[in-house]
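Welcome! Let us take a walk through this structure together, one stop at a time.

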Amino acid sequence: MPEITEYLSDFRPRYRQPSAADLCIEVPSMTPDETNEKVMEVFGRHRDLVSLPVVEGNQPIGLINRNIFLSQMSKQFRQELYGKKSCIAFMDKEPLIVDAALDIDALTLKTVEYGEKALSDGFIITRAGAFAGTGNGLQLMRAVAEMQASRNRQIMHSIEYASVIQRSTLRSSLDAMARACPDAHLVWEPRDIVGGDFYQFCTDADGWFATVADCTGHGVPGAFMTLIASTSLNQAIEQNGPRDPASLLGHVNRSIKQMLGQVNGQDGTPGSDDGMDAACFWFEPASGRLIFASARLTMFVLRPGADSVEMLDGQRKGVGYVDSDFDYVWHNQEVMLYPGSLVFVSTDGLIDQIGGPRGIALGKRRVRELLLEQREKTPAQVNAAVLDALRLWQGEHHRRDDLTFFCFRA
């Protein structure tokens with residue numbers, strides 16, 4: 001898979017955790033024996049200086065806030081009374097003092113704990129206990145914002161890489177579908193960059209097998225579940241062949257329960273409650289024979305000349321979940337498809353999408369109406385019409401789920 005190798009070559013750490021040292025600014029400082037007149041002079045020379053540290057023998061002992069100091073000294077007789085006195089008169093004796101090596105996360109926590117004063121006045125930075133400079137709240141907020149942006153970029157980079165992996169694992173199924181039924185068409189749209197829906201196709205001498213499945217969750221958790229479920233399904237097909245969809249669902253059910261610890265232990269507590277809904281079927285083009293088994297998903301069939309869409313409903317048990325027994329049995333439904341029959345199967349991301357003027361689910365009835373309207377179209381055109389109708393129905397509403405649907409003609 002060359003594109004994965006190429007993508008991975010660019011997947012290297014780029015992030016360094018900043019520290020208080022990155023915020024350190026060299027500023028003038030006062031000593032306790034210097035006067036308030038000297039403070040006035042320093043503030044006059046340095047118009048952008050928010051606070052002035054007071055240092056005694058390289059050890060910081062306080063911080064003079066510009067606004068507070070000037071406000072106090074502007075009062076009547078204050079310059080005459082305090083001008084010649086030590087600058088410690090208006091000094092904050094308990095400023096926030098941090099070491100230069102303190103990382104930004106820890107510094108942010110300390111600043112929040114210290115209160116608004118540390119954000120407005122700033123803080124003193126030391127190296128090995130000796131005064132090094134000051135930092136201010138604006139700098140800190142910028143650093144935190146930059147860190148968050150960098151972390152978000154890293155997360156997005158990881159998710160985008162996961163998407164490449166997920167799409168690559170599905171490609172062999174698309175190739176199998178193209179060989180078995182060139183006219184078939186599939187829509188697969190994760191709600192997020194990666195998702196919990198997957199599909200699987202494989203061929204045999206006299207027919208082909210297809211699965212459309214919806215695993216627990218969205219995004220990265222859902223994608224992990226698709227790897228578990230699709231791996232289990234692959235193993236089941238290798239061991240039992242693709243002609244008995246119901247037995248394949250049973251195999252995956254047992255496999256998920258064992259992998260995720262969903263078989264109750266000695267204390268009766270399952271490890272998790274995750275699984276999938278899935279529609280599986282085996283189709284023999286020469287005879288038109290279709291064998292269908294489903295966990296909570298519906299297949300729609302529109303026969304040539306029919307004035308309504310037939311629905312093959314799945315059993316109301318999900319695969320792998322705690323409420324599905326370890327040895328739960330799904331059953332096959334067998335139907336004969338006349339040449340030209342239109343078959344459509346979807347995960348519930350289509351059926352359950354909220355929208356319309358009343359903010360309700362799209363529902364199966366509207367899907368059946370869409371299929372009737374598009375009955376003469378190719379599978380690709382049918383899927384395009386369904387997708388357009390879904391987006392129109394959704395409007396300003398949030399996409400609720402991953403979206404996968406498959407359409408073919410017998």
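Predicted model: local features only at pLDDT ≥ 70, side-chain atom pairs only at ≥ 80, totals over all residues.

Glutamine 374 counts as buried because its relative accessible area is 13%, under the 20% cut-off. Setting aside residues within four places in sequence, its contacts are Gln381, Val382, Ala385 and Arg409.

Now follow α12 onwards. This helix lies across β6, β14 and β17, and runs at about 150° to β17. Those strands belong to an open sheet of five strands, ordered β6-β17-β14-β11-β12 with antiparallel pairing. At the edges sit β6 (185-189) and β12 (310-312), each pairing on one side only. On average, neighbouring strands of the sheet are turned by 15° against each other, direction ignored. Helix α7 (residues 137-180) also packs on the sheet, where it touches β6 and β17, and its direction makes about 170° with that of β6.

Look next inside the sheet. Strands β14 (residues 342-346) and β17 (residues 403-409) run antiparallel and are joined by five bridges. Valine 345 has phenylalanine 406 of β17 as its bridge partner.

Phe406 brings us to the largest nonpolar core, which has 51 residues. Phe406 is among the members that touch the most others, as are Phe201, Trp208, Met276, Phe281, Leu290 and Phe408. Strand β9 (residues 276-284) supplies the largest share of this core, with seven residues. Apart from this core lies another, of 19 residues, including Phe300, Leu387, Phe405 and Cys407.

Terms used. Residues numbered from 1 in each chain as written. Heavy atoms only, no water. Core = buried A, V, L, I, M, F, W, Y, C linked by side-chain atoms within 4.5 Å. Buried < 20%, exposed > 50% of the residue type's maximum accessible area, 1.4 Å probe, protein only. Helix = DSSP H or I, 4+ residues; strand = E, 2+ residues; numbered from the N terminus. Contact = heavy atoms within 4.5 Å. Pairing = 2+ DSSP bridges. Axes fitted to C-alpha atoms, helices over the stretch in contact; angles between N-to-C directions.
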